Amino acid sequence: MTKRVELVFDFVSPNAYLIWWPLRELLDRYEAELDVVPVFLGGMHKLTGNAPPMIRDAEVKGKNEYAMLEMQRFIAKHGLGKYRLHPQFPFNSILLQRMLYAADQDGRGVQFAQGLLKPIWEEGIDVTSPEAIGAAVTAAGFDAADLFARAQTDEVKQGLVANTDAVVARGAFGIPTMFVGPKGQGEMFFGKERLGQIEDLLAKG
């Protein structure tokens, strides 16, 4: 098995932040590669009929409360104490996702994702402000003007749509979804609680 993980990714998902560093540490230990697959989570939900858990499970007594308990356990286990729910959550991530797609086309999707996660999920930058986004993108080592411009092109817009359609066709319905194995052919895992299962698969070589 090729040691590679594809991470279906949208900045709007808190789980995209929470899974990132534990997954990176796991992949480093097994000398595995990471691919980011930029998608639009809102589009995934529309295609699959899914919804954010706090909406989907709102009428199930105790379920969202338990989900928060599990999240706090995960945060404590992995030392993610700087995490803060974004003040604008749930925000429209389409611009960020298009910029990520453009960066990924340059082979720098992982770097772009990692460079923006902390500003969004630790510092709570204003994701509706092009100036704030631009400053964070520049600080991450990217040409913000270039990515802003490319985010408006039909090529990038349609590419993000195609990525979203493709992961749904592979069985994905939410984030974090990970495919472990050869690119485009990996076994699917859903949820940050699946890291142990992913480790078992990586350990097989």
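**Figure 1. The loop around Glu31 in the predicted model.** Glu31 sits in the loop that links α1 to β2 (33-38), and the coordinates shown here and in the other views come from a predicted model. Glu31 has a positive phi of about 50 degrees, although this residue is not a glycine. Most residues other than glycine have a negative phi. Glu31 counts as exposed because its relative accessibility is 71%, and the cut-off for that class is over 50%.

**Figure 2. The largest nonpolar core and the part taken by α1.** The largest nonpolar core has 63 residues. Phe9, Phe11, Trp20, Leu23, Phe112, Ile120 and Val137 are the residues with the most contacts inside this core. Helix α1 (residues 14-29) provides the largest share of the core, eight residues. Leu23 touches Val5, Leu7, Leu34, Met178 and Leu195, when residues up to four places away in sequence are not counted. In soluble globular proteins, nonpolar side chains tend to be buried together.

**Figure 3. The crossing of α1 and α6.** The axes of α1 and helix α6 (residues 109-121) come within 10 Å and cross at roughly 125 degrees. At this angle α1 is oblique to α6. The crossing of the two helices, α1 and α6, is left-handed. From α1, the contact takes in Pro14, Ala16, Tyr17, Trp20, Trp21 and Arg24; from α6, it takes in Val110, Ala113, Gln114, Leu117, Lys118 and Trp121. By class, the contact of α1 with α6 has nine nonpolar residues, one polar and two charged.

Figure 4. Met99 is a residue of helix α5. Met99 counts as buried because its relative accessibility is 0%, and the class requires a value under 20%. With neighbours within four places in sequence left aside, Met99 is in contact with Phe112, Ile133, Val137, Ala144, Leu147, Phe148 and Ala151. One of these residues, Phe148, is 49 residues from Met99 in sequence, with a C-alpha to C-alpha separation of 6.6 Å.

**Figure 5. Packing of α7 on α8.** Helix α7 (residues 130-139) and helix α8 (residues 144-151) pack at an angle of about 125 degrees, and their axes are 9 Å apart. The two helices, α7 and α8, are therefore oblique to each other. On the α7 side the residues are Pro130, Ile133, Gly134, Val137 and Thr138; they meet Ala144, Leu147 and Phe148 of α8. The contact of α7 with α8 comprises six nonpolar and two polar residues, with no charged ones. Ile133 and Val137 of α7, together with Ala144, Leu147 and Phe148 of α8, are also among the residues in contact with Met99.

**Figure 6. Packing of α5 on α9.** The axes of α5 and α9 come within 9 Å and cross at roughly 95 degrees. This makes α5 roughly perpendicular to α9. Ile94, Gln97, Arg98, Tyr101 and Ala102 form the α5 side of the contact, and Glu155, Val156, Lys157, Gly159, Leu160 and Asn163 form the α9 side. Five nonpolar, three polar and three charged residues make up the contact of α5 with α9.

Figure 7. In helix α2 (residues 41-48), the buried residues are Leu41, Gly43, Met44 and His45. The elements that cover these residues of α2 include β1 (4-9) and α9.

**Figure 8. Two cis peptide bonds.** A cis peptide bond joins Phe89 and Pro90, with omega about -5 degrees. Pro90 is in the loop between α4 (63-78) and α5 (94-105). Another cis peptide bond joins Ile175 and Pro176, with omega about 10 degrees. Pro176 is in the loop between α9 (154-169) and β3 (177-180). Most peptide bonds are trans.

**Figure 9. Lys204 and Lys3.** Lys204 belongs to the segment after α10 (195-203). Lys204 is exposed, with a relative accessible area of 72%. Lys204 and Lys3 are 201 residues apart along the chain, and their C-alpha atoms are separated by 9.7 Å.

Definitions and conventions
Residues are numbered from 1 along each chain as its sequence is written. This is a predicted model: local features need pLDDT of at least 70, side-chain atom pairs count only at pLDDT 80 or more; totals for chains, interfaces and linings use all residues. Side-chain values use heavy atoms; hydrogens and water are left out. A nonpolar core is a set of buried Ala, Val, Leu, Ile, Met, Phe, Trp, Tyr and Cys residues joined through side-chain atoms within 4.5 Å. Buried means under 20% relative accessible area, exposed over 50%, partly exposed in between (1.4 Å probe, protein chains only). Helices (H or I, at least four residues) and strands (E, at least two) are DSSP runs, numbered from the N terminus. Contact means heavy atoms within 4.5 Å. Axes are lines fitted to C-alpha atoms, for helices over the stretch in contact, and angles run from 0 to 180 degrees between N-to-C directions. Angles under 35 degrees count as roughly parallel, over 145 as roughly antiparallel, 65 to 115 as roughly perpendicular and the rest as oblique. A crossing is left-handed if the near helix is turned anticlockwise from the far one by less than a right angle, and right-handed if clockwise. Ala, Val, Leu, Ile, Met, Phe, Trp, Tyr, Cys and Pro count as nonpolar, Asp, Glu, Lys and Arg as charged, and the others, Gly among them, as polar.
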